[in-house]
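Q: Hey, I've got this one open on my screen. Can you walk me through it?

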Amino acid sequence: MLEQLLIFTRGGLILWTCKELGNALKGSPIDTLIRSCLLEERSGAASYNYDAPGAAYTLKWSFHNELGLVFVAVYQRILHLLYVDDLLVMVKREFSERYDSKRTDYGDFDETFRQLRKEAESRAEDLKKSKQMAGKPLNNSKKQGQVQNGGFERVGKKKSEGNLANDGEDGNNRKGHKLENGHSNGYHVDSEISKKLRAKGGKKTETVVSKDSKPESKKKITKKNRVWDDSPPQAKLDFTDHVGENGDNIEVVAADHGESMMDKEEIVSSESEAEEDEEDVGKDNKPETKKKGWFSSMFQSIAGKANLERPDLEPALKALKDRLMTKNVAEEIAEKLCESVAASLEGKKLASFTRVSSTVQAAMEEALVRILTPRRSIDILRDVHAAKEQRKPYVVVFVGVNGVGKSTNLAKVAYWLLQHKVSVMMAACDTFRSGAVEQLRTHARRLQEATSNGSDVVLVDTAGRMQDNEPLMRALSKLINLNNPDLVLFVGEALVGNDAVDQLSKFNQKLADLSTTPNPRLIDGILLTKFDTIDDKVGAALSMVYISGAPVMFVGCGQSYTDLKKLNVKSIVRTLLQ
């Protein structure tokens with residue numbers, strides 16, 4: 001049974017609800033759909049499942065983009081109603097005909113909806129009966145097809161056996177034929193090719209033997225420091241502190257590495273944007289001139305197209321999807337984004353002097369900015385001072401897979417906090433990797449760690465673990481649930497592509513599944529590392545934010561303590577679309 005059908009504008013004004021249904025929905029499925037699906041550019045999906053205490057709903061929706069209307073149907077997930085899609089199409093068609101932007105009361109639509117609902121239900125019943133009737137003779141035809149296929153298979157087998165006999169070799173000998181490495185390959189290998197392979201293999205083994213037979217050099221060659229241009233060589237490259245056996249009596253003076261990049265504003269030049277726009281215009285004009293004549297394209301650009309349809313958007317969406325994937329965006333994310341953009345543009349009227357490609361790109365740009373812009377405050381300093389007023393430390397836990405740079409970037413965050421006169425304590429929880437505690441101790445002494453109990457911030461460094469390692473993920477979930485930190489930061493590499501989706505989704509899933517509390521703690525923010533090594537392949541930031549909904553709070557872009565900055569959303573979007 002249909003639970004509810006709702007019609008509202010994109011601005012949030014409810015125009016009509018079905019009074020006949022009148023079922024009180026458990027939880028808030030409509031609000032959750034708007035917040036986590038429609039506003040997050042996931043509207044290209046077919047449906048949305050909402051779980052509430054004592055109920056499980058499925059929501060389906062449709063847009064009228066020209067009028068800015070949203071139609072949402074809610075029903076129990078267990079029912080699998082077949083007529084909902086047809087009902088939404090009919091309701092959209094009938095309601096759009098009587099819609100007036102100045103009108104807010106549509107009580108006369110109740111009778112129309114009652115008729116549309118009966119029509120959709122009768123269609124679904126007729127379709128179900130026709131499928132049941134058509135299913136009976138299909139079984140007999142399948143059996144006949146199997147017999148016929150069996151006859152064809154026998155004829156094929158005879159032909160293949162004849163071919164094997166003509167080749168002069170037995171089929172059993174072929175299956176038993178093996179290569180040099182001893183593994184059966186299942187087919188015949190030409191003797192001449194095998195001889196060449198043996199000859200090549202023999203050459204390689206000879207060269208290896210000759211290399212090993214060379215006498216070792218008596219003098220040990222030491223690696224020299226590389227000198228770039230005429231710059232003077234650095235006197236010291238090893239900045240680690242030599243500590244005694246107890247490690248407590250050596251005084252270390254914290255070195256001033258300058259101002260952190262977190263406090264510097266990154267300026268994006270507008271000239272480069274204008275040049276890129278001109279290049280895109282030139283690229284878009286070339287294929288259109290080949291497909292259409294000069295007069296028809298000029299007339300369409302002046303008059304505008306009546307309504308954008310899916311075939312009109314497909315070429316531009318395919319080009320955008322390929323462009324996003326070349327920038328290291330996960331394929332699944334790029335496809336969902338294009339589906340969402342298509343759903344938001346389908347049915348809209350193309351304005352005069354505009355092209356479809358430029359309209360699609362503008363819609364994609366708005367969607368990317370909306371996704372990457374944080375929906376909540378990410379001002380950690382404000383949260384630290386708020387926790388300080390309550391006389392408790394602000395706790396940050398760094399999690400992630402192995403080798404992404406958790407300890408190094410933890411030290412960068414500590415340096416940034418120390419510059420703002422915040423006392424920091426580091427907690428080394430990585431007991432698996434050799435040298436992990438010593439690495440953190442070295443960073444702490446370099447930064448003059450505040451060892452008093454009255455520290456303002458506690459930075460917790462956890463051991464790297466793969467997302468599929470359940471024992472380690474269970475320990476991480478226990479650590480987070482027992483300590484209840486203020487911020488859980490996922491540290492991920494900017495180099496990853498499709499693996500970013502797998503890492504973040506499984507980390508969140510494990511933290512939720514292995515938690516013992518009804519409201520489990522998930523990932524609150526992302527720290528993106530090695531950002532200086534990717535050039536224009538910035539898609540990992542988009543993939544991570546899209547799959548988790550958590551904002552990018554820090555970006556690591558170098559080896560020194562100052563190489564930590566904020567994510568520039570405009571710069572990322574411009575790089576993704578250029």
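A: Happy to; the chat below goes from the overall fold to a helix, a sheet and some salt bridges. One thing to keep in mind is that this is a predicted model.

Q: Good to know. How many helices and strands are there in the protein?
A: The protein has 17 helices and 12 strands. Of its 578 residues, 38% are buried.

Q: What about contacts between residues at least 6 apart in sequence, what share join residues at least 24 apart?
A: That share is 74%.

Q: Let's zoom in. Why is helix α17 called largely enclosed?
A: Seven of the nine residues in α17 (residues 569-577) are buried, so the rest of the structure largely encloses the helix. Among them are Val-569, Ile-572 and Leu-576.

Q: And what covers the buried residues of α17?
A: The cover includes α8 (310-326), α10 (356-372) and α16 (539-548).

Q: Which residue caps the N-terminal end of α17?
A: That's Asn-568, with a side-chain oxygen 3.3 Å from the backbone nitrogen of Lys-570.

Q: Switching to sheets: what is the strand order in the open sheet of seven strands?
A: The order runs β7-β8-β6-β9-β10-β11-β12, and the pairing is mixed. At the edges are β7 (424-428) and β12 (564-565); each has a single partner strand, so one side of each has no neighbour in the sheet.

Q: In what sense do β10 and β11 pair, parallel or antiparallel?
A: Parallel, over three bridges between β10 (residues 525-529) and β11 (residues 552-556). Ile-526 has Val-552 in β11 as its bridge partner.

Q: Now charges. How many salt bridges does the count come to?
A: The count is 20. One of them joins Arg-98 and Asp-108, at 3.8 Å from N to O. Arg-98 is in helix α2 (residues 84-98) and Asp-108 is in the loop between α2 and α3 (109-167), so this pair ties together parts 10 residues apart in sequence.

Q: Which residues are linked with Arg-98 and Asp-108 in a network of salt bridges?
A: Arg-103 is linked with them.

Q: What about Arg-521 and Asp-524, buried or exposed?
A: Both Arg-521 and Asp-524 are buried. Their side chains form a salt bridge at 2.5 Å, N to O.

Terms used: Residues numbered from 1 in each chain as written. Predicted model: local features only at pLDDT ≥ 70, side-chain atom pairs only at ≥ 80, totals over all residues. Heavy atoms only, no water. Helix = DSSP H or I, 4+ residues; strand = E, 2+ residues; numbered from the N terminus. Buried < 20%, exposed > 50% of the residue type's maximum accessible area, 1.4 Å probe, protein only. Contact = heavy atoms within 4.5 Å. Polar contact = N/O pair within 3.5 Å; in protein donor to acceptor, adjacent residues only side chain to side chain. Pairing = 2+ DSSP bridges. Salt bridge = Lys/Arg side-chain N within 4 Å of Asp/Glu carboxyl O.
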